[in-house]
Every structure is written in structure tokens, then in C-alpha cells.
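Thanks for coming. I will go through one structure today, a few features at a time.

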Amino acid sequence: MNLTTFYTLSYGLYIISAQIKKKKNGYVANTAFQVTAEPSQLAVSCNKDNLSAKVIAESGFFSVSVLNQDASKEIIGRFGYKSGNDIDKFENTQHFETPEGIPVVTEDCVAWFSCKVVKTVDVGTHLLFIGEVLDGNFIDEKKIPLTYDYYRKARHGKSPKNAPTYIKPSDEKVSEPREQKPETTSGQKWICLVCDHIYDPAEGDPEAGVAPGTPFEALPDNWVCPVCGAEKADFEPYNG
Ligand code: FE
């Protein structure tokens, strides 16, 4: 089948958070959605391999923070592409705790909800947590919520490997032929090992002031992956 048809399903992008024994964790998800109005219930999908699945299951609570369209690549990289086993994602992130002890990210977000898990459905690779909404409010209602479509098209973002919507770059290529780009002195493409973003010298990274035609080797040492914030050392040559 043509896997890119999945891109026609529209989603938002959210940070889902939970805490157990003073250990806070959170992840970026596009699969957070309202399932009923009376009572208000939200569902979120979480990969079983993610630390967050364990933290939500054991605590019985989670929060949903709605990212805004201008959310920084640092916060998306921190929560979307790094593991809470390696870093404390909340250490340098604006957040607060609800009376139930649920951490809620407020940085770069439009609104938040706190939820109590009322049902967990095992859907294979992922757990679907259904939560009754306890509370919620705006953080900055003037901001526009970030959609998955905008993230993918305007910001060239990719799904992390554990996301329900992840598509391998090699599969994507079959269905989405790219335009011919002019040859550069070093046309070698490089792939980010953290998020699969591909640096194409023909395109450069205009948002970071890198002109089209700039080989990877010529990027400044402090250049970082425009999607997840990984360093140059986290890239390797890509010949796919
Ligand atoms: Fe990356």
C-alpha cells in the first residue's frame, strides 16, 4: 500500500507527561484525542518500550500539553527524541505539578489537561490509555496549536521510531519522489541517528543561515539537527 496516505490523517502534537516516585517523564505524541464529552475523556497512545508507558501505567495519571506552532526544536527534541532513562527532561523545562502530582509542561504550549486513567487497552506495540479529564486550562490562548501536518511540511519534522505514525525513510521514498536538485561539490547526504532527519547539501539549512550547496563537512561545529537538536557527531553518511 502507499504508506504516505497515512499523512492525510490530521493530528495535533502534544507532550504527554506523568510522574512516579519523583521521577517525571514525558514524550511527544500526535495520538491524543477526545473520546467522550460526558464525562470528558481523552485517550493517548504510548509505545510499550517507552519509559512513559511504565510511568503512566504505574501512577494511573497523565497530562496532555498542546504544543504551539512556534515550539522550539529543543523542546521537541528533548521530549520527542530522547529517553527519560538518559536525561531528566523536566530539569530545564517550564512546568508545574497538579494536586495529584501530575507534571504539566507549560513551555511552548497553548493549553493543558490532567487525566486519571480509567482504562488501558493493549494494542500490540502500544498501550492506549483512556483518561477521565480532571482539570485543564489555557496557557497562552493567543498561540496557534501545532499540527502534525505543519510540523512535517513546514518544519520538515519526522516521527520518532516509536511513534504510531513512524514511516521508514526508505518506504517514504518510494511514494514521494523528490525533485532533481543541482549537484554540489560534495552531494553526500547525512542522516541524523537520533531522529532520521536527512541533511541534503543541495538544500542546506536556510533557517539556520546555511546556504544551499553547503556540504555537511563545511557546516559550523555548533550546527545542530533542525528537527531534534542533535549535534553533528550524531549524523552519519546516508546513501538510501
Ligand atoms: Fe535529528
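**Backbone, pairs and a pocket**

K22 sits in the loop that connects β1 (14-20) with β2. Before I go on, please keep in mind that this is a predicted model. K22 is a place to start because it counts as exposed, at 75% relative accessibility. Its backbone also stands out: phi of K22 is near 65 degrees, a positive value in a residue other than glycine.

There is another residue of this kind. D108, which is not a glycine, has a positive phi of about 60 degrees. D108 also lies in a loop, the one between β7 (103-105) and β8 (109-122). Is D108 buried, partly exposed or exposed? At 23% relative accessibility, D108 counts as partly exposed.

One more backbone item is a peptide bond. The bond from E38 to P39 is cis, with omega near -5 degrees. P39 belongs to the loop between β3 (32-36) and β4.

Now to the salt bridges. How many salt bridges are there? The count comes to four, and I will describe some of them. As background, side chains of opposite charge can pair when their charged atoms come close.

Take E97 and K24. They form a salt bridge in which the closest N and O atoms are 3.4 Å apart. E97 is in strand β6 (residues 95-97) and K24 is in strand β2, so this pair ties together parts that are 73 residues apart in sequence. On the solvent side, E97 is partly exposed at 39% relative accessibility, while K24, at 18%, counts as buried. The cut-off for buried is under 20% relative accessible area, so K24 falls within that class.

K54 and E58 make another salt bridge, at 3.6 Å from N to O. E58 is partly exposed, with a relative accessibility of 45%.

Then there is K143 with D70, a salt bridge whose closest N and O atoms are 3.5 Å apart. This pair links distant parts of the chain, 73 residues apart. K143 comes from the loop between β9 (126-138) and α3, and D70 from the loop between β5 (61-67) and α2. K143 is partly exposed, at 31% relative accessibility. D70 has 51% and counts as exposed; the line for exposed is drawn at over 50%.

Next, the cysteines. How many disulfides does the structure hold? It holds zero. A disulfide needs the two sulfur atoms within 2.5 Å. Seen from the other end, C115 has C46 as its closest cysteine partner, at that distance of 14 Å, again too far.

On to a sheet. Strands of a sheet pair through backbone hydrogen bonds, either parallel or antiparallel. Here we have an open sheet of three strands in the order β11-β10-β12, and the pairing is antiparallel. Its edge strands are β11 (198-199) and β12 (235-238), each of which pairs on one side only. Strand β10 (residues 189-192) is joined to β11 by two bridges. If you want a point to look at in the viewer, find W190, which stands opposite Y199 in β11.

Which residues are closest to its centre? Of the 37 residues in its lining, those are N50, G80, Y81, P160 and N162. The elements that give two or more residues to this lining are β2 (23-29), β4 (41-47), α1 (51-59), α2 (73-80) and α3 (148-153). Strand β2 supplies the largest share of the lining, with five residues. By class, the lining of the second largest pocket has 16 nonpolar, 16 polar and five charged residues.

Key. Residues numbered from 1 in each chain as written. Predicted model: local features only at pLDDT ≥ 70, side-chain atom pairs only at ≥ 80, totals over all residues. Heavy atoms only, no water. 1 Å grid on protein atoms, 1.4 Å probe; cavity = no way out; pocket = protein on both sides within 12 Å on 5 of 7 lines; lining within 4 Å. Helix = DSSP H or I, 4+ residues; strand = E, 2+ residues; numbered from the N terminus. Nonpolar A, V, L, I, M, F, W, Y, C, P; charged D, E, K, R; others polar. Pairing = 2+ DSSP bridges. Buried < 20%, exposed > 50% of the residue type's maximum accessible area, 1.4 Å probe, protein only. Salt bridge = Lys/Arg side-chain N within 4 Å of Asp/Glu carboxyl O.
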